[in-house]
Amino acid sequence: MKLITYTILHESMEGFEKQIPMIIGLIELDNRVKVVGQIVDSSPSDVSEGSKVSVVFRKVGTDGPSGPIFYGYKFVIQV
């Protein structure tokens with residue numbers, strides 16, 4: 001999998017303030033399908049077009065203090 005292109009968000013929607021700067025990338029999977037996802041565990045200076053990435057599953061949020069937990073996929077730059 002590789003990073004085709006990306007953008008860095010410096011402003012956030014409500015509830016995502018702690019994730020700024022947020023890196024959003026267009027990822028080409030091994031089967032050539034393209035998906036959009038968040039790049040995590042990387043500083044903006046580590047990200048470049050063409051970087052190899054791997055997919056990880058992370059907690060996205062919860063629905064209230066005792067509600068269900070939501071998980072989703074994100075991507076990590078391979079070094």
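## Thr7 in strand β1

Thr7 lies in strand β1, which covers residues 2-9, where strands are DSSP runs of E with at least two residues, numbered from the N terminus. Because its relative accessibility is 41%, Thr7 counts as partly exposed, a class between buried (under 20% relative accessible area) and exposed (over 50%), found with a 1.4 Å probe and protein chains only.

Leaving out residues up to four places away in sequence, Thr7 touches Met22, Ile23 and Ile24, a contact being heavy atoms within 4.5 Å. Thr7 and Ser51 are 44 residues apart along the chain, and their C-alpha atoms are separated by 14 Å.

## How the model is read

This is a predicted model, in which local features need pLDDT of at least 70 and side-chain atom pairs count only at pLDDT 80 or more, while totals for chains, interfaces and linings use all residues. Residues are numbered from 1 along each chain as its sequence is written, and side-chain values use heavy atoms, with hydrogens and water left out.

## Glu28 in strand β2

Glu28 belongs to strand β2, residues 22-28, and counts as buried because its relative accessible area is 10%. Apart from neighbours within four places in sequence, Glu28 is in contact with Met1, Lys2, Ile4, Val33 and Lys34. With Lys34 there is also a polar contact between the two side chains, at 3.4 Å; such a contact is a pair of N or O atoms within 3.5 Å, and within protein one must be able to donate a hydrogen and the other to accept it, while residues adjacent in sequence count only if both atoms are side-chain atoms.

## Val55 in strand β4

Val55 is placed in strand β4, residues 53-62, and is partly exposed because its relative accessibility is 37%.

Conventions: Helix = DSSP H or I, 4+ residues; strand = E, 2+ residues; numbered from the N terminus.
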